[in-house]
Each structure stands twice: as structure tokens, then as C-alpha cells.
Amino acid sequence: MISSKKVVSYLFLFYLVCLPVEGGIELRLLTWEGYAPAAQVERFKALIKEKYDEDLEFKISYVSSSEEYFYQLRRKRVDILTPSHNIIKDDRFNLIEKGLLLAINLDNIPNYFKLLPSLQWADYCTVDANVYSVALAHGPYGLAYNVDKVQPAPTSWNVLWDEQMKQQYSLSSDYYEVNVYITALALGFDPQDIANIDKLRSEEVLNKLTALIKNASGLWEGVDKPEDLEDNKLAAAWGFSFPGLKKQGQHWKIAQPKEGTTGWVDGHALSYTLEGKPRLKRIAEEWINFTIGEQFQWQAIVNGIGSEPVNLYISENLSAEQRAGLPNFEQQFITDNRILWPILSRRQRNVIEQLWEKALERAK
């Protein structure tokens, strides 16, 4: 026979189970630091409350390397992610082919048609006329220079190998392939050949890459921070550190080397975890649309992290003074010799990684 105490316990448990769920909905965003500033997130949550009468809990996590996107997707820990253009169809991941991403409904992204034309319907993010990633920001792995210490602006990547620049520049440590690319460009490689492993496997390339590593003042991780560049003369960098350096009174710019500059495009993609959840997917698409709007692009991308926006109409909301200092972004993207990182096969990546590791060992 069940005691009265147990009956009370069972009734209490039944009461807890039957209670209505409090709170709203949850979206999990995995992104690079700087792409979801707190003020913009609060604006978005207010928009969702007004439009859908939903209290949105936005769980934001940050990555330090592109590989994390794949592993978190496989573990179903992410709903929205922000991979670079060369990751989506990378041989190691094949995010679309493996069904890890959902096609984005462009009917829910009216700002899509404000993107730079060259970033719409790009091969790296489309399959069978479906779009799987919407560009958020783009930029170079550029030849950065301290304006107060280097004049005139450098015109070639070979400045990094100048004797006077020893211990006066820094490089990325984890994006080893882009350091191989700039070495190839400095050697006169055609931009189409920077990932040509038959041409990269040479003592000339290895020796030049070794010197690049050996003579650097440091190798930074993730994104460049002010402390990674401060007091140097040069760097190979994204430029994310520039706003912080400016606050310190240091003025840095990205040069336009004659050999060209390799670059990236980061975009929002939707995880397969949203399949069968039409309302949640719609709200995720609202976030994509929100982030490519003029206000977010100006405040978060241009002013916030000092990167290059994707919205062509950004200048319409700016003052005359702000517009005067703003470049023609579409023209810049086309004419500044921007070379988008190639999508690598496993074999290409293995050879390039081995080249980097060998150069690291020699540089000790």
C-alpha cells in the first residue's frame, strides 16, 4: 500500500511536469568575436518580441578556428554559424553535401539584394540554385603597415623579407595556408597557382617561408589584437586590431601590394538542427537579414571591428562627412587584386600543412 507521503510526492511531481513552460525560444549562435555585439543583439531581441511576440534567448559562443564549426555542427550544438567562404565546400567538411546546412529562404532575407553583386549567388555557397550562406563581412589577410613608421605605403609583399623589417612584423599562427599564399605571391606566383602543390613543393618556397617565420616578431592566434601589432612596423593581418590600435594613438592601414591580396568572406549559415522547426528557422533568417541591414553593417562591421561591409547601400544612412571617407566597396572588391582563398582538396591541404610545419621546424 502506498503511504500518504508517497502520494503527496507523486502529486507534486505530476504538478511540476504539467506546469506550463516559462520563457521563450532559444537560438544558438556560433560565430567569430565581434559579429554579435551586445547592443545589436538587444536590438534584435526587441525586434523579435515586437514582430513575433517571442522572448528570444540568444546563446552566443565564439570560435577561434574554422574547424570548430564542423565539430559543433556534428554534435548538434549550433543553430546559426558564420563560416568563411572556403570552409563550406572544403573537402574535410563538405557541409552542404553531408546535409549539415539548410537552404536559406531568400523570401525571408529582403536585404539579400542589397549585397555586393559579386557576393550574391556565389559558387562557394550555392547548390542547385539554393543558397546556403549569406555574406556578412569580407576582408583581406592584408599587408598591414603602421602609417607613422612606414612611409610611403609598401607596394609589395616582399617588404616582409626586407632586412630592415626583421622582428618588425607579426603573422597569423593558425591560418598557416595564408602565409604560404603570400609567400607564393611574393615569389611571383600567378594568383591561380597559390595552392598549386606541384609548384609549392620546392626548396625556393620552403626557404622563403622559413625566413618569413624566423624573422617575425611573433605569431598571433585567432584574430589580430592590438597587442599583436602594437609597436611593430608591419603585419599580415585581418585588420580587426585597427580600432583598438587607433585608441592607443597608432594608425594602421592595409596596403595594396602589386601581387594581390588574399581574402575571405564570412557569412551566416543555418544548421540542420533547425529542420522541422519552421518558426525557429524563420527567426534565424530574421537574424541574417538584420545583420546585413545598413545599421548593423555600419555600426558592427565598419565601426565595430573595422572590417569591410557587404551592403551596397550602407552610405545612405551616413552623414556627408562619414560618406566622404567611405570607399566604393564594390569597386574596391573588384579592383584591389583581391584573391579569394581557394577551396582546398585534402591532398592540397596536407601538402601545404606539411610545408608550413617543415618551415616552422627550420625556423627554430
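**View A. The lining of the largest cavity, by residue class.** In this predicted model, the lining of the largest cavity divides into seven nonpolar, two polar and one charged residue. Here Ala, Val, Leu, Ile, Met, Phe, Trp, Tyr, Cys and Pro count as nonpolar, Asp, Glu, Lys and Arg as charged, and the others, Gly among them, as polar. The lining is made up of Trp32, Ser84, Tyr175, Gly222, Val223, Trp238, Phe240, Trp264, Asp266 and Trp341. The volume of this largest cavity is about 110 Å³, and the count of cavities of 30 Å³ or more comes to one. On a 1 Å grid over the protein atoms alone, a cavity is a set of points where a 1.4 Å probe fits but cannot get out, while a pocket is an open set with protein on both sides within 12 Å along at least five of seven lines; lining residues have an atom within 4 Å of a point. Grid points are joined across faces, edges and corners, and a volume is the space filled by probe spheres set on the points.

**View B. The second largest pocket.** This pocket has a volume of about 430 Å³. It is lined by 19 residues, of which Glu33, Val223, Asp224, Lys225 and Phe240 are the closest to its centre. Helix H8 (242-247) and helix H10 (294-305) each supply at least two residues of the lining, and H8 gives the largest share, three residues. By class, this lining has eight nonpolar, five polar and six charged residues. Helices (H or I, at least four residues) and strands (E, at least two) are DSSP runs, numbered from the N terminus.

**View C. Strand E9 and its two partners.** E9 (residues 169-172) pairs in the parallel sense with E11 (residues 234-237) over two bridges; strands pair if DSSP finds at least two bridges between them. Across this pairing, Ser170 stands opposite Ala235 in E11. E9 also runs parallel to E10 (residues 218-220), joined by three bridges, and Leu171 has Leu219 of E10 as its bridge partner.

**View D. Helix H4, enclosed along its length.** Which residues of H4 are buried? They are Tyr176, Glu177, Val178, Asn179, Val180, Tyr181, Ile182, Thr183, Ala184, Leu185 and Ala186. Because eleven of the eleven residues of H4 (residues 176-186) are buried, the helix is largely enclosed by the rest of the structure. Buried means under 20% relative accessible area, exposed over 50%, and partly exposed in between (1.4 Å probe, protein chains only). After H4 comes Gly188, with a positive phi near 95°.

**View E. Lys281 in helix H9.** Look for Lys281 in H9 (residues 278-291). Lys281 counts as buried because its relative accessibility is 16%. A polar contact of 2.6 Å links its side chain to that of Glu285; such a contact is a pair of N or O atoms within 3.5 Å, where within protein one must be able to donate a hydrogen and the other to accept it, and residues adjacent in sequence count only if both atoms are side-chain atoms. Leaving aside residues up to four places away in sequence, Lys281 touches Leu102, Ala103, Ile104, Asn105, Leu270 and Leu274, with contact meaning heavy atoms within 4.5 Å.

**View F. Asn215 in the loop between H6 and E10.** Asn215 lies between helix H6 (203-214) and E10 and is buried, with a relative accessible area of 17%. Asn215 and Gln167 are 48 residues apart in sequence but 5.4 Å apart in space, C-alpha to C-alpha. Not counting residues up to four places away in sequence, Asn215 touches Met165, Lys166, Gln167, Gln168 and Tyr169.

**Notes to the views.** Residues are numbered from 1 along each chain as its sequence is written, and side-chain values use heavy atoms, with hydrogens and water left out. In this predicted model, local features need pLDDT of at least 70 and side-chain atom pairs count only at pLDDT 80 or more, whereas totals for chains, interfaces and linings use all residues.
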